[in-house]
Amino acid sequence: MTLKDADRSAALREAVTAAVGAQRPLAIHGGGTRRGLMAVTGDGFDVLDVGGHRGIVAFEPSELVVTARAGTLLSELEAVVAAAGQCLPFDPPRFGPASTLGGAVASGLAGPARPWQGAVRDAVLGITLLDGRGGIGRFGGQVMKNVAGYDVARLNVGAMGSLGVLLDVSLRLLPSPMTSVTRVLELGLGQAFGRMARLGRRPLPITAMAWETGTLRVRLAGSEAGVAAAVASVGGEPCPDGEDYWVGLRDRQLPNFEGDGPLWRLSVPATAPQPDLSANWLLDWGGAQRWCWTDDAPERVFQAASELGGHAMRLVPGVQRAPLPPAQLRLQQRIKAVFDPSGLFNPGVLYPGQY
Amino acid sequence: MDRETLAARLREILPAADVVDDEEALRPYAGDALTAYRQQPRVVVLPRSIEQVQRVMALCSAEGVPVVARGAGTGLSGGALPHEAGVLLVLARMKRILQLDPVGRTARLEPGVRNLAISEAAAPHGLYYAPDPSSQIACSIGGNVAENSGGVHCLKYGLTVHNLLGVKLVTVDGELLELGGSALDSPGLDLLALITGSEGLLGVVVEVTVRLLPVAASVQVLLAAFDSVAAAGAAVSAVISRGILPAGMEMMDRLAIEAAEDFIGAGYPRDAAAILLCELDGEPEEVAAQVARVTELLRAAGAGDIRVASDPAERARLWAGRKAAFPAVGRIAPDYYCMDGTIPRRHLAQVLTGIGELSEEFGLAVANVFHAGDGNLHPLILYDANQAGQLQRAEDFGARILELCVAVGGTITGEHGVGIEKIDQMCVQFTAVELERFHGLKAAFDPAGLLNPGKAVPTLARCAELGGMHVHAGELPHPELERF
Ligand SMILES: Cc1cc2nc3c(=O)[nH]c(=O)nc-3n(C[C@H](O)[C@H](O)[C@H](O)COP(=O)(O)OP(=O)(O)OC[C@H]3O[C@@H](n4cnc5c(N)ncnc54)[C@H](O)[C@@H]3O)c2cc1C
């Protein structure tokens with residue numbers, strides 16, 4: 001393996017201990033590609049660079065499990081598992097070549113296959129965490145079934161580093177599909193909803209469904225025979241550059257994302273009706289993740305998403321997350337304090353001024 | 001608070017008949033399926049609404065009365081063992097299916113709904129709820145959430161945590177929290193994941209939303225016989241490492257095969273040292289291709305007899321033997337003790353051999369029936385509780401098996417939980433730092449420690465007494481990192 005391999009956990013722990021001593025906040029930095037998800041980017045803070053802490057700790061293809069240090073580049077990790085015919089089930093956005101495993105897990109974003117192959121947290125089996133008390137703990141493990149102790153590993157997925165520094169992560173992998181094809185169907189939004197719901201009720205090997213401006217795209221993956229049979233049920237036309245489309249959608253590189261109007265992400269039940277907003281829409285995850293360009297007031301967007309049983313988050317201009325009910329906010333603050341009593345890790349990254 | 005006063009206060013919240021304080025009537029609630037432990041609660045309450053649960057919790061919180069939640073009481077680690085001075089909060093009467101949405105493919109449930117009842121209600125829509133513990137006819141969805149239960153199909157479809165969308169949780173002081181909902185994620189920290197598998201220590205689950213899956217169009221079950229347990233173990237890895245993810249992959253050893261055959265006659269080959277049951281599901285074309293491929297792989301891994309169930313009746317018969325294996329083993333010995341460690345699959349052969357050696361050392365027979373695809377072992381240690389010292393010997397034997405699991409990189413419990421049973425083995429698996437964080441989380445939810453006290457997470461003092469700790473309070477720089 002030509003991977004750079006370096007265990008920097010001792011140095012990272014020293015840096016954290018020093019910061020705790022001096023009570024100076026730290027901005028945890030992996031590859032820096034996920035700053036667009038941070039409510040506070042911590043520009044004035046001392047930087048704790050995890051990027052140097054890298055390398056594959058253990059990879060057993062027969063177990064479908066890999067353990068790697070958090071600073072490992074996603075591209076390197078992917079190449080290693082792909083060489084064994086495997087892939088990361090949650091297919092995280094890359095947002096650039098510097099993306100690291102730690103950043104992908106801390107931000108908890110999954111690609112278009114999310115409803116079918118699971119979220120980031122579904123694939124996380126265990127983590128080693130360096131916390132704000134200077135403690136290093138290993139939570140979870142390297143096996144799929146493990147219910148000993150509270151699930152601190154999954155708690156850290158999507159926590160944006162607010163509870164501690166991920167040192168390494170064990171992930172469950174999937175066999176890469178033997179083949180994958182994309183079909184396109186020209187359908188208005190109403191028809192697309194109907195079609196997605198119908199397809200979702202059959203056990204088809206679907207791994208992505210997205211709709212934008214009159215076009216529904218459906219990706220099917222599996223064995224040749226299984227995919228060929230499913231193509232017949234889905235119908236539509238072949239889409240030769242299908243894979244590029246999914247990568248563009250995953251990494252938010254499609255033309256739609258280039259505009260500079262306010263961009264929102266709504267996470268709602270897949271079959272929920274469209275909220276009453278004056279907006280442009282792009283539906284991913286079979287309708288469960290909806291990208292929305294709208295000038296409507298934030299309160300209105302939050303409200304609309306919550307009425308549908310979901311929540312909204314603004315990404316452009318500037319991150320704004322759906323407010324938490326007071327009882328939950330207090331509980332989350334107490335949990336933060338268990339791991340980071342001085343509030344030094346990425347303060348305000350999720351809810352500025354709150355934790 | 002004495003029994004009389006406590007019962008009277010609770011009867012201000014619930015109808016008199018839903019508060020049980022009569023010695024005789026309390027008896028059935030004295031324990032769960034880990035029968036070695038028994039304890040009468042002070043009072044049992046059987047609420048029928050979220051509001052009643054909230055008021056019971058508010059009362060107990062204010063009065064400092066411990067509360068243990070109980071679903072159906074099928075737990076195997078003593079999680080629902082009552083507290084002698086506490087209330088046993090039985091959720092079994094809250095068993096309505098509140099909503100079943102066939103289009104959105106979700107179900108909203110009260111916590112006492114039986115696991116199997118979900119799939120039964122979903123069946124007319126061609127849907128089902130995937131996690132299927134062998135206890136599914138009895139166990140409750142609330143208990144499943146509290147234990148993060150699995151089943152024979154979690155290799156492909158995941159555990160409870162992978163199939164949950166939302167939970168309503170009543171906190172220790174009676175507040176109602178909504179964690180998750182019906183979208184695929186929720187803002188802030190992932191508390192839904194945190195409370196899944198928390199064994200009733202962080203809150204009371206009063207409503208659960210799960211996702212439903214479409215029933216597969218085609219299902220095939222293969223049975224393969226091996227002349228050694230080691231060969232069967234290696235075959236499991238051979239199949240999965242070739243990119244095939246069976247819906248289920250179960251193993252039984254000779255003692256378990258014989259017990260199952262004597263009990264229900266599933267048609268297993270009695271001369272085999274081990275059998276594998278492998279279920280493949282999906283679209284018919286996909287499954288046909290996989291059956292051919294798996295047959296080839298099993299053959300290459302040394303399988304003798306390989307049989308594909310030719311019709312649904314034969315398929316059901318093959319599974320029936322596996323599903324009845326625990327009671328079947330129960331017939332050949334007065335008592336059995338079921339272990340639940342998980343190991344990386346590649347160590348199956350080594351660990352099964354180790355268990356065989358320990359069996360000789362302790363002079364107790366052991367039958368193995370387990371989720372081989374996940375590396376989740378269920379050694380059943382046979383003993384006779386009426387013979388002096390045998391229960392102790394069985395427990396010591398079990399503890400050694402779990403230590404063996406941890407030593408090869410596994411865990412002391414794959415799906416049955418820690419409860420009271422494996423509390424000492426927690427000291428083997430976790431360091432002082434890790435245990436301290438667990439206690440911190442517990443305090444964040446339940447500062448006075450009233451919910452299910454004494455379970456799931458041992459005190460540091462207890463571990464220190466046992467001398468089983470890996471490290472003490474961070475004295476070593478990075479002991480955890482060497483554990484791979
Ligand atoms: C024959 C047999 C086979 C089994 N097979 C499997 C298997 O294949 N896979 C598997 O995972 N398990 C299995 N089990 C174990 C058991 O059935 C599961 O752990 C099940 O989820 C327990 O559900 P219950 O409703 O019986 O919970 P209980 O036993 O009543 O309680 C279990 C724990 O959950 C807590 N709890 C219960 N309800 C709530 C609630 N509403 N809110 C908060 N906490 C709550 C309790 O305090 C306790 O700690 C088996 C058990 C038996 C007896």
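Colleague: Which residue forms a salt bridge with Glu60(A)?

Modeller: Arg346(B) does, with the closest N and O atoms 3.8 Å apart. By salt bridge I mean a side-chain nitrogen of Lys or Arg within 4 Å of a carboxyl oxygen of Asp or Glu. Before we go on, this is a predicted model: local features need pLDDT of at least 70, side-chain atom pairs count only at pLDDT 80 or more, and totals for chains, interfaces and linings use all residues. Residues are numbered from 1 along each chain as its sequence is written, chains are lettered from A and ligands numbered from 1 in the order in which they are written, and side-chain values use heavy atoms, with hydrogens and water left out.

Colleague: OK. How many salt bridges are there between chain A and chain B?

Modeller: The count is nine. There are also 26 residue pairs in polar contact between chain A and chain B, both residues at pLDDT 80 or more. A polar contact is a pair of N or O atoms within 3.5 Å; within protein, one must be able to donate a hydrogen and the other to accept it, and residues adjacent in sequence count only if both atoms are side-chain atoms.

Colleague: And which helix gives the largest share of the side of chain A that touches chain B?

Modeller: Helix 11 of chain A (residues 326-339), with nine residues. Helices here are DSSP runs of H or I with at least four residues, and strands are runs of E with at least two, numbered from the N terminus.

Colleague: How much area is buried between the two chains?

Modeller: About 7000 Å², and carbon and sulfur atoms give 61% of that. This is the accessible area (1.4 Å probe) that the two parts lose on being put together, summed over both. In chain A, Lys145(A), Val147(A) and Tyr150(A) lose the most area to chain B, together 14% of what that side buries.

Colleague: Switching to the ligand. Which residues come nearest?

Modeller: Of the 33 residues around the ligand, those are Ala69(B), Gly71(B), Thr74(B), Ser135(B) and Ser140(B). To count as near, a residue needs a heavy atom within 4 Å. Helix 5 of chain B gives the most to this shell, five residues.

Colleague: What are the polar atoms doing there?

Modeller: A backbone polar atom of Gly75(B) is 2.7 Å from a ligand oxygen, and a polar side-chain atom of Asn144(B) lies 2.8 Å from a ligand oxygen. On the nitrogen side, a polar side-chain atom of Glu415(B) lies 3.1 Å from a nitrogen atom of the ligand.

Colleague: Last one: what does the salt bridge of Glu78(A) with Arg94(A) tie together?

Modeller: The closest N and O atoms of that pair are 2.7 Å apart. Glu78(A) is in helix 2 (residues 74-83) and Arg94(A) in the loop between strand 5 (86-87) and helix 3 (101-107) of chain A, so the pair links parts that are 16 residues apart in sequence.
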